[in-house]
Amino acid sequence: MPELPEVEAVARTLRPIVTNRRIRCVHVFHAIGTKPQSPAKLARIAQNQKILAVRRKGKYLWLELPHSIITLHFKLDGQLVWFRNAEELSARANRREPSGVHVDIAFELDRGVLAFADRRHFGRVQFYESADACPALAKLGMDALSADFTATHFAQLLSNSRRPLKEFLLDQSRVAGIGNIYSCEALWHARLDPRRRADSLKPAEAQRLHRTILSVLSRALECCLHPPPDFRDPAWWFQGLEKILRVYDREGKPCRRCGEPIARIAQGGRSTYCCLHCQK
DNA sequence: CCTGCTACCTGATGGC
DNA sequence: TGCCATCAGGTAGCAG
């Protein structure tokens with residue numbers, strides 16, 4: 001569940017379901033999901049604890065417990081799955097039957113079971129004493145949908161970086177939450193060449209990019225909430241995002257603004273989609 | 001400090 | 001059909 005809008009939609013949907021529920025126990029089916037932490041320790045720390053809150057920053061989601069937090073990161077393919085009870089979990093988790101579903105780690109609650117699944121095993125479930133004690137969270141820059149993300153603050157960050165715009169936007173330590181898809185989209189809407197140095201933007205360009213980031217993310221979030229995620233269906237995935245995308249994954253197809261073919265270029269080892277004709 | 005590159009995994013897809 | 005290469009919405013860790 002990749003970028004900020006998807007994770008935010010998951011957080012909003014999950015919040016009313018698990019807040020104030022108690023974790024009875026933790027089932028670890030694939031220990032790689034907690035690596036390099038100990039699965040046994042995760043289970044011990046979470047056992048019998050009440051979930052006080054569900055929070056998000058950037059692409060990280062975490063459950064707040066009385067004396068600790070449990071962070072979830074979905075990386076490329078991770079997702080949440082909901083089971084009605086422990087019986088349904090044991091009947092379906094990692095079974096070969098048609099009703100079977102891949103599960104890495106499951107939190108058995110006093111009502112229902114919340115499971116984390118990622119066949120590719122990039123995603124992680126980890127524990128920390130607090131958000132401040134989690135190095136990855138501490139390193140995150142301001143969340144792109146938070147009040148801190150102002151045009152002024154953003155322009156300031158841009159002016160301090162010599163990196164190409166695309167790489168700048170992917171750097172979670174500056175602005176958190178933007179990934180490969182929405183960075184391509186925001187740059188296209190702002191008509192800015194992804195290869196340009198961040199510190200080369202004029203004030204009006206920086207302001208334009210700030211505005212397009214916000215509009216791209218909020219439009220995607222609206223899309224992710226209608227309909228909201230359905231954790232009961234393991235095959236569920238966000239629908240209709242393609243229709244709001246203007247450049248991502250459109251290599252060779254005509255630019256929706258000028259008609260020139262969309263290019264796919266490599267930046268920082270990833271694909272950037274852009275129109276080399278109208279993004280300057 | 002900053003930047004660039006690789007590793008980490010599995011599965012889907014497309015060319016030959 | 002099969003096989004192989006390439007690609008995927010992310011980040012940590014390490015070398016320079």
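Visitor: What does V103 touch, not counting residues up to four places away in sequence?
Guide: V103 touches F29, V81, A93, N94, A115 and A117. Contact means that C-beta atoms, placed from the backbone, lie within 7 Å. This is a predicted model: local features need pLDDT of at least 70, side-chain atom pairs count only at pLDDT 80 or more, and totals for chains, interfaces and linings use all residues. Residues are numbered from 1 along each chain as its sequence is written, and chains are lettered from A and ligands numbered from 1 in the order in which they are written.

Visitor: Is V103 buried or exposed?
Guide: V103 is buried, because 24 other C-beta atoms lie within 10 Å. The cut-offs use C-beta atoms placed from the backbone: 20 or more others within 10 Å is buried, 12 or fewer is exposed, and in between is partly exposed.

Visitor: Where is V103 found?
Guide: V103 is in the loop between α3 (86–92) and β6. Helices (H or I, at least four residues) and strands (E, at least two) are DSSP runs, numbered from the N terminus.

Visitor: And A115, what is that in contact with?
Guide: Leaving aside neighbours within four places in sequence, A115 contacts L80, V81, F83, V103, I105 and A106. A115 is also listed with V113 and A144 as having the most contacts inside the largest nonpolar core, which has 74 residues. Such a core is a set of buried Ala, Val, Leu, Ile, Met, Phe, Trp, Tyr and Cys residues joined through C-beta atoms within 7 Å.

Visitor: Which helix gives the largest share of this core?
Guide: Helix α8 (residues 203–225), with seven residues.

Visitor: Switching to strands. What order does the open sheet have?
Guide: The order is β1-β6-β7-β5, with antiparallel pairing. Two strands pair if DSSP finds at least two bridges between them. β1 (23–28) and β5 (79–83) are at the edges with a single partner strand each, so one side of each has no neighbour in the sheet.

Visitor: How many bridges link β1 and β6?
Guide: Five, and β6 covers residues 105–109. V26 has F107 in β6 as its bridge partner. Helix α2 (residues 39–46) packs on the sheet and touches β1 and β6; its direction makes about 170° with that of β1. Axes are lines fitted to C-alpha atoms, for helices over the stretch in contact, and angles run from 0 to 180 degrees between N-to-C directions.

Visitor: What is β12 joined to?
Guide: β11 (residues 263–267), running antiparallel, through five bridges. A266 stands opposite S271 in β12. The two strands form a hairpin with two residues between them, and G268 in the turn has a positive phi of about 55°.

Visitor: Why is α7 largely enclosed by the rest of the structure?
Guide: Because nine of its 10 residues are buried. Those buried residues pack against α6 (165–170), α8 and β12.

Visitor: Which residues are around DNA strand B?
Guide: I32, R119, R120, H121, F122, S161, R162, R163, E167 and G269.

Terms used
Contact = placed C-beta atoms within 7 Å. Near = placed C-beta within 6 Å.
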